[in-house]
Amino acid sequence: MTAEESTKKKARTHTRYYTSTGEPCVGVTTVLGMQAKPQLIKWANKIGLDGYEVDKWVDSLARIGTLAHYMVECDIKGIKADLADYSPNEIDAAETGHIKWMMWRDKNKFELIASEMQMISNSLRVGGTCDIYAVVNGVKTLLDIKTSKACYSEHRTQVVAYRRLLEENGKEVQQCRIIRIGRNENEGFEDIVVGAEDLHWTRFLACLSLYRAVKNLENAGG
């Protein structure tokens, strides 16, 4: 499998994680799914009132976001993106985000260490895939790419959880940043340095406890 084929495969499949002894792990994003997201309810309601079918709207945005993310990863790896599965309109929309990424990269001293790193916490039985681990302006940085209209608090919690996975696996992280690239001009661009990391980690552990409690109840028939 070529690097390009591997990149496309990762963008389209759900990754399964296992500890070093073969025990299944829950993914970071699954854990954070236990947290209510009231902003999504408001957003879906607005889309419906505007006369759009929510499922089709979400699918369209998801494809553009996935493609923009894929373009960024190809840029990082220095490979040519295979765009055969996407429409011209989707490519044009995703290219907007891709250009924003390249402008950010050119303004910063960026040295890639690794991308799409699959990491496991054997102690917590949690897994996750970190977008980018790099030296940015001389600082060892965990970068997470978000293709969305806004950066929400749970996005920050997710990145902090990835940091803990990296550190448990012996990787030094001096800073966490989220690069949010909008899927069109209206959605804008943000470079966010994540703060309050201890509080985000506390929230992640609370979500993990809730996830495990729910699973235990399901297994007990409750």
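Two strands pair if DSSP finds at least two bridges between them. With that in hand, welcome to a few close-up views of this predicted model.

**View 1. Strand β5 runs beside strand β6.** Strand β5 covers residues 139-146, and six bridges join this strand to β6 in a parallel arrangement. To find your way along the pair, look for L142, whose bridge partner in β6 is C176. Another landmark is I145, which stands opposite I179 in β6. Strand β5 is mostly covered, with six of its eight residues buried.

**View 2. Strand β6 is mostly covered.** This strand spans residues 175-181, and seven of its seven residues are buried. In a regular strand the side chains alternate between the two faces of the sheet. In β6, Q175, R177, I179 and I181 point one way, while C176, I178 and R180 point the other way. Both sets are buried.

**View 3. Strand β7 joins β6 in the antiparallel sense.** Now turn to β7, made of residues 189-193, which five bridges connect to β6. Which residue of β7 is the bridge partner of R177? Look for V193.

View 4. Strand β4 (residues 126-136) pairs with β5 over five bridges, and the two run antiparallel.

View 5. Helix α5 takes in 20 residues, 88-107. How far apart should its ends be? At 1.5 Å a residue, the helix should span 28 Å, and its end C-alpha atoms are 29 Å apart, so the two values agree. Several residues of α5 are buried, among them the tryptophans W101 and W104. The buried residues also include E90, H98 and K100, along with A93, A94, T96 and G97.

Definitions and conventions
Residues are numbered from 1 along each chain as its sequence is written. This is a predicted model: local features need pLDDT of at least 70, side-chain atom pairs count only at pLDDT 80 or more; totals for chains, interfaces and linings use all residues. Side-chain values use heavy atoms; hydrogens and water are left out. Buried means under 20% relative accessible area, exposed over 50%, partly exposed in between (1.4 Å probe, protein chains only). Helices (H or I, at least four residues) and strands (E, at least two) are DSSP runs, numbered from the N terminus. The expected span of a helix is 1.5 Å times one less than its number of residues.
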